[in-house]
Amino acid sequence: MSVGSMASSSATGWKCAACGHRVSVEQPFSWRCPNSSDGDRHHVLLLEQPIAPLRSTGDLNPYVAFRKYLAWDAFAASLGLNDEQREAIIRRTDDAVARIAGTGFRTTPFARNDALSKELGFTSGGGVWIKDETNNVAGSHKARHLFGELLHLVVAQEAGVAPWKRDADRPQLAISSCGNAAFAAATLAKAVNWPILVFVPENAASELTNLLLSVDATIVRCPRLASDLPGDPCVHRFREAVAKGAIPFGVQGTENAWCLDGGRTIGWEIAEAQEHVSGPPLDRIFIQVGGGAFAACASAGLFAGGLRPRLHSVQTESCAPLARAWNAASASGGTRNAGSRWNECMWPWENPTDSLADGILDDETYDWVQVCNAMSESDGSPVVASEQHVVSAYAMAHSVTTINVSPTGTAGLAGLLAMRDQIANDERIVVVFSGVRRSFMPLPR
Ligand SMILES: Cc1ncc(COP(=O)(O)O)c(C=O)c1O
Ligand SMILES: [Zn+2]
């Protein structure tokens, strides 16, 4: 039997990291733990899924290549769709994305960067491997998370399990972000002509809002209201829209757990690429952390592929709630499975200051539990990079490599710079250049 015709995924289901509640993978629209409420958002559904061994079909589209490991595939199978039908939905939706984005989902480049390895003093046996997401759909890794959500919505509607039956009756999608996630969400929404509300900060730059308007998003500016609880006002307005019926279409596991499904493709791709590399395994991976879904998924994908490099989550000194949570968890019962200690560990960073890496200034690391688990299980740690390291990493990426990457996209490299003197010269290190430098972003001086 060819891998492509194999039935059913190995995904088993969801379990809340905070309260332990289980939800079947077959349940449509299982965005949040049923115990999550307006007053208590400290719940997140995580996939419980044994994956061994990880095998790609070799298809260039990662959702096709790794389809049987997607929770989406198990969900779609439960709706009665056979393998051919499931693959066809992925391909058709991907074609629609390609018509808007100029590219569909294709395995992104992953290779040792010799110049950067040399610049950082690594020996020929070690070095720095770059996963380059700058040419992914909508210019960052973000669309990976969202495509899984889109597939969920598409198949639910087609199978007749959605409350709406016709395109014209679809509720609006909603996301709170003004960066890459918003542009990725609006791009995917446009691909299937699905209206989307994007909640952005009051003072969001016109370059960003113009980008969103270019794909027909509806922009909602969100000043902080006197009546607001602590936390991001865009998140408050987004939640209000969702409470009124909009579909959460973002990249925070606490608001839509299905972002944690497709996001793993990045880790699966790296694991698959490593199969063809000789020599010792990867030692460390540095992932820049905003809301944390990226680090959670990249590490889950790698672990599924049998790799366990030390995960270093990278935030900047401007806003570092994850390192604070790590320390609090460590002092209150350990850094693994700290979800039931949410209130003691994770709360909004009181006063984020500006940073060149402005895409990772989320005042809360929503997906902190998974990231702390992955750091614990890989003997990793959080890194708080200084602004000087952020600036240097951006400059180094542009002087040493030919990749047109943004400052947020090089923030993982800033973490490597911060830790370089604790790393041996023959270690193998991964960084992800996670977002493209757009024309309005300054080049390094
Ligand atoms: C380019 C880039 N890299 C990394 C991140 C961080 O991802 P996450 O918010 O999932 O931690 C973001 C967005 O927040 C981003 O835009
Ligand atoms: Zn829960």
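**Reading the ligand shell, domains and helix packing**

The largest share of the shell around ligand 1, 3 residues, is supplied by H11.

Colleague: Before we go on, what kind of model is this?

Modeller: It's a predicted model.

Colleague: OK, let's start with the ligand. Which residues come nearest to ligand 1?

Modeller: Asn180, Gly290, Phe294, Ser434 and Gly435 do, out of the 22 residues around ligand 1. As for elements, helix H6 (180-191) and helix H11 (293-304) are the ones giving two or more residues to that shell.

Colleague: And how do the residues of the shell around ligand 1 divide into nonpolar, polar and charged?

Modeller: You'll find 13 polar, 7 nonpolar and 2 charged residues in the shell.

Colleague: Which domains does the shell around ligand 1 draw at least three residues from?

Modeller: Domain 1 (3-101 + 142-260) and domain 2 (110-140 + 263-433) each give at least three residues to the shell.

Colleague: How far apart do the C-alpha centres of those two domains lie?

Modeller: The centres of domain 1 and domain 2 are 23 Å apart. Their contact takes 32 residues from domain 1 and 31 residues from domain 2. On the domain 1 side, helix H1 (62-65), helix H3 (83-101), H5, H6 and helix H9 (259-262) each supply at least two residues. By class, that side of domain 1 has 19 nonpolar, 10 polar and 3 charged residues.

Colleague: H6 keeps turning up, so to speak. How do I read a helix pair?

Modeller: Two packed helices are described by the angle between their axes and the distance between the axes. Take helix H5 (residues 142-159) and H6: the angle is about 40°, and the axes are 9 Å apart. That angle makes H5 oblique to H6.

Colleague: Is the crossing of H5 and H6 left-handed or right-handed?

Modeller: Right-handed. H5 brings Lys142, Ala143, Leu146, Phe147 and Leu150 to the contact, while H6 brings Asn180, Ala181, Ala184, Ala185, Thr187 and Leu188. Sorted by class, the contact of H5 with H6 has 8 nonpolar, 2 polar and 1 charged residues. Asn180 is also among the residues that come nearest to ligand 1.

Colleague: Which residues make the contact of H15 and H16?

Modeller: From H15, it's His389, Val390, Ser392, Ala393, Met396 and Ala397; from H16, it's Ala411, Leu413, Ala414, Leu417 and Ala418. By class, the contact of H15 with H16 has 9 nonpolar, 2 polar and no charged residues.

Notes
Residues are numbered from 1 along each chain as its sequence is written. Chains are lettered from A and ligands numbered from 1 in the order in which they are written. This is a predicted model: local features need pLDDT of at least 70, side-chain atom pairs count only at pLDDT 80 or more; totals for chains, interfaces and linings use all residues. A residue is near a molecule or strand if its C-beta atom, placed from the backbone, lies within 6 Å of it. Helices (H or I, at least four residues) and strands (E, at least two) are DSSP runs, numbered from the N terminus. Ala, Val, Leu, Ile, Met, Phe, Trp, Tyr, Cys and Pro count as nonpolar, Asp, Glu, Lys and Arg as charged, and the others, Gly among them, as polar. Domain bounds come from an automatic or database domain assignment. Axes are lines fitted to C-alpha atoms, for helices over the stretch in contact, and angles run from 0 to 180 degrees between N-to-C directions. Angles under 35 degrees count as roughly parallel, over 145 as roughly antiparallel, 65 to 115 as roughly perpendicular and the rest as oblique. A crossing is left-handed if the near helix is turned anticlockwise from the far one by less than a right angle, and right-handed if clockwise. Two residues are in contact if their C-beta atoms, placed from the backbone, lie within 7 Å.
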